[in-house]
Amino acid sequence: LRDRQARWGSWGLGSLLGAVPLIPWLQYLAGRLGSGWHGTVHLGVPKLRYWEFWANDSLGLGLTYTLEKKHFLDFLGWPLVGGRSSYLLGAACAVIIIAAFLILASALASVKSPDGLFRWIGDSSENGLAVNSALLAAGFLMTLAVPDICRHYLIMSFPLEWVWLSRLGLRAGSWGRRSLAAMWAAQLFISALFLVYLHVNHGDPAGGYGLAYQFQGP
């Protein structure tokens, strides 16, 4: 399908009309600055957790949310070989991080001028508008307005994180495609091993995942 150009005028008018019901919420929020807005925003140092979660989720490195930090560090040592940690999962995470840097570096190297960078960021195609609306517009609004951003808030942006990563990889040329393939293989390995980890441990009773359903009492 052809990636058509977005109709910015229609989008702007629709956004203004859609924001009308937000007026009472904004009035309420403005009256509760001490408890409703995050204090770091008023100090000029807003937390950047929205984009941290965006990057982690798209790279498949957000299992700390499910396992919590202590158990995630234990999981990095999997699979166990002869009762000892092999750290193959940690190596898979390293592959993903290296691939992400290669994609970003190759994509930036493909930009030949400042105008090209602005056209890239301000992509007005339908896909570009959808991704930028979630990545930039929603990210800035939530960072400034939400007391504290949780990872599950980004459910509303699914699956745009992965569309963003894929478009970035394709922009990076052959290196980007190879990096995406390596990232996919590493994420598949992590996903399969995560299921094994939960099966062996009957879930994660002391973590965020909890005890597997079949082992829960009445």
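Modeller: Of the 218 residues in the protein, 33% are buried, meaning under 20% relative accessible area with a 1.4 Å probe and protein chains only, where over 50% is exposed and anything in between partly exposed. This is a predicted model, in which local features need pLDDT of at least 70 and side-chain atom pairs count only at pLDDT 80 or more, while totals for chains, interfaces and linings use all residues. Residues are numbered from 1 along each chain as its sequence is written, and side-chain values use heavy atoms, with hydrogens and water left out.

The secondary structure comes to 11 helices and 4 strands, taken as DSSP runs numbered from the N terminus (helices H or I of at least four residues, strands E of at least two). Among contacts with a separation of 6 or more, 71% are between residues 24 or more positions apart, a contact being heavy atoms within 4.5 Å.

As for the part you asked about, the structure holds 1 salt bridge, that is, a side-chain nitrogen of Lys or Arg within 4 Å of a carboxyl oxygen of Asp or Glu. The partners are aspartate 57 and arginine 151, whose closest N and O atoms are 2.6 Å apart. This pair links distant parts of the chain, 94 residues apart, with aspartate 57 in helix 5 (residues 49-59) and arginine 151 in the loop between helix 9 (126-145) and helix 10 (160-171). Both aspartate 57 and arginine 151 are buried, whereas alanine 94 counts as partly exposed because its relative accessibility is 33%.
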